[in-house]
Structure formats: C-alpha cells, structure tokens
Amino acid sequence: MKNRLSATICFLAVMTVLLFQPGSAAAEYSFSSDADAVERAADSVFMLEVYDARNNQIAVGSGFVIFQPDLMATNYHVIEDGAYIVAVGDDMDQYIMEEVCVANKKLDLAILRFSPAKAIVPLPYDASDNLKRSQTVVTIGSPAGLKNTVSLGNISAFFEQDSKNWIQFTAPISSGSSGGVLLNDQGKVIGITTATYATAQNVNLAVRVSTLVDLYNQWDGHSVRRLSQVTGHSSGSFAASSVPMQSTGKVWITKSGKKYHNNPTCSKMKSPVEIDLLEAIENGYEPCGKCYK
C-alpha cells in the first residue's frame with residue numbers, strides 16, 4: 001500500500017511538471033478564449049461610414065488603429081468613392097476622417113490619419129511568415145453595419161493572386177467587414193479582412209499584414225493628402241476640405257431651416273442654434289452654399 005501511494009505521488013508530480021512547462025499545451029495563452037482581451041482589442045477597431053460630397057452615406061466598412069494612435073488601416077475599396085468618412089468607435093466616439101497618409105489601389109490598402117480625442121492603443125502585429133493552416137484566428141469588423149462584430153475560425157490556406165498575399169480563413173465575414181482586422185491567437189494582427197466568396201461557405205480572404213507594413217514604410221511620416229485628392233470625389237455642394245477633423249466640430253442651423261452653416265453670422269440664417277457637425281449631418285441638414293463654396 002505504501003509503495004503504491006508513493007508511486008501515485010511520483011506520477012502526479014511528473015504530470016504537473018509536464019503540464020506546466022513552457023511550450024506545453026496547458027501553458028499556452030489563447031487570445032480567442034480571453035474575452036477581456038478581445039474587448040480591449042475592439043476598442044481599437046472602428047466602423048467606417050463613407051459619405052459622398054452631398055453627405056449621402058454610400059458605404060460601410062471597417063478599420064483599425066495600428067502603428068500609431070492616430071493612424072487607421074482599411075481597404076482602399078472602402079474609401080475609393082468617398083468624400084469623407086465618419087469613424088465610429090466601440091464607445092460611440094465619432095471622428096471625421098479625410099487625411100490619407102498612403103494608399104495603394106492595386107494592393108487594396110489605405111492608411112488614414114485622424115485626431116482621436118483620447119488615447120487609442122495601436123494593435124500589435126506579427127508580420128512574420130510563421131503562419132500555418134488550422135491556426136485559430138479572430139476577426140473584428142462591422143458586417144452589414146453591425147459594429148465591431150467578433151467571429152472565430154481558423155486559417156484554411158495561403159495563396160498569391162493579383163499582387164496580393166492572401167490568407168484564406170473560416171471566421172465568418174460579410175459586406176461591411178472590409179478593412180477589419182484578422183488576429184492570431186496571441187492577439188496580434190496578421191491580416192486585413194478584405195473579401196469573401198458569396199457562393200461558397202466561409203471562404204474568406206485577408207491581405208497579409210506584412211503587405212500593410214511595407215506600405216506604411218513607404219510613408220515619410222508626416223505628409224498627407226486629402227481623401228478627395230486620392231479618390232477624386234470632391235465635386236458637389238460639400239467640399240471635404242471644409243470638414244473639421246474631429247467630431248467636436250460645431251456648425252449652426254436654423255431650427256426651421258434645412259442647411260447648416262460654418263459661422264453664426266451667415267446672412268442665410270436666422271436665430272442660429274449651435275450643434276455638432278455630425279448631428280447636423282445625421283439629421284439631414286445640408287451645407288449652406290454660401291458658407292461652403
């Protein structure tokens with residue numbers, strides 16, 4: 001009995017050492033199972049509402065903060081028809097975005113600059129080639145405009161096509177997820193969710209983050225272009241260059257009117273009421289032709 005008890009204790013001691021030694025399955029961290037970590041990552045992901053020059057919303061996409069607290073990555077096809085973009089965060093903070101640091105239509109990538117009102121943590125990234133099929137992945141984006149939806153899956157395959165290094169994965173995405181983030185199970189960015197096969201089940205594609213890193217390294221670190229210069233969609237009664245960079249930009253309206261104005265002394269307005277620019281846009285006001293020539 002004594003010998004059997006000693007043997008059992010020895011066996012348990014050996015199993016404890018094996019289970020908790022570095023690199024063992026039990027000791028590995030899993031981002032996908034850490035709900036608090038996923039929530040923190042979502043704080044750096046935004047839904048992008050794309051507007052034309054007449055303040056009509058024409059598209060919804062996704063973007064995420066990376067490299068610096070004031071830089072946001074997305075797909076080029078998300079921004080290409082826009083005059084300006086409203087980025088909506090997890091906590092409903094909103095920012096008007098119209099500055100492009102660098103963009104490449106062929107790679108379908110763009111990096112935008114904005115002015116966050118509070119500190120936003122850039123997502124860490126893994127640009128190495130240390131990816132394998134079946135590895136767990138997490139996506140965060142805004143499919144169908146459902147802000148910062150999280151989905152889980154795994155890597156299915158890798159291939160190169162149309163000058164892009166694709167990661168094929170199974171985590172569900174759909175229209176609106178473009179420009180969202182693909183994270184590995186250590187919580188690091190490995191791709192930008194870009195496309196899905198509508199006629200297949202869970203055949204989804206992301207551009208490798210290494211391509212985004214290469215694009216970022218082409219930027220000189222300070223020069224930017226207006227979104228309207230990049231997309232060529234600046235025509236109409238509303239000029240994107242006249243939009244304040246933050247959602248705190250104020251405009252003035254007449255309660256019985258249909259226009260918003262960039263100053264309270266405009267002769268086209270009576271009894272001015274100050275409101276937030278985004279609120280004016282959301283309530284259907286259009287820019288005053290005199291104020292926004």
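Which residues does Ile111 touch, not counting residues up to four places away in sequence? In this predicted model, where contact means heavy atoms within 4.5 Å, Ile111 touches Phe67, Leu71, Met72, Val100, Cys101, Val102, Leu212 and Tyr216.

## Basis of the description

The model is predicted, so local features need pLDDT of at least 70 and side-chain atom pairs count only at pLDDT 80 or more, whereas totals for chains, interfaces and linings use all residues. Residues are numbered from 1 along each chain as its sequence is written, and side-chain values use heavy atoms, with hydrogens and water left out.

## Nonpolar cores

A nonpolar core is taken here as a set of buried Ala, Val, Leu, Ile, Met, Phe, Trp, Tyr and Cys residues joined through side-chain atoms within 4.5 Å; buried means under 20% relative accessible area, exposed over 50%, and partly exposed in between, with a 1.4 Å probe and protein chains only. The largest such core has 32 residues, and those with the most contacts inside it are Phe64, Phe67, Ile111, Val181 and Leu212. Helix α4 (residues 209–217) gives the most to this core, with 5 residues. Apart from this core lies another, of 19 residues, which includes Val78, Ile85, Ala87 and Ala110.

Helices (H or I, at least four residues) and strands (E, at least two) are DSSP runs numbered from the N terminus, and two strands pair if DSSP finds at least two bridges between them.

## Strand β13 and its partners

In strand β13 (residues 204–208), 5 of the 5 residues are buried, so this strand is largely enclosed by the rest of the structure. Strand β10 (residues 164–169) runs antiparallel to β13 and is joined to it by 4 bridges, with Asn204 as the bridge partner of Phe169. Strand β12 (residues 189–196) is likewise antiparallel to β13, through 5 bridges, and Ala195 stands opposite Leu205.
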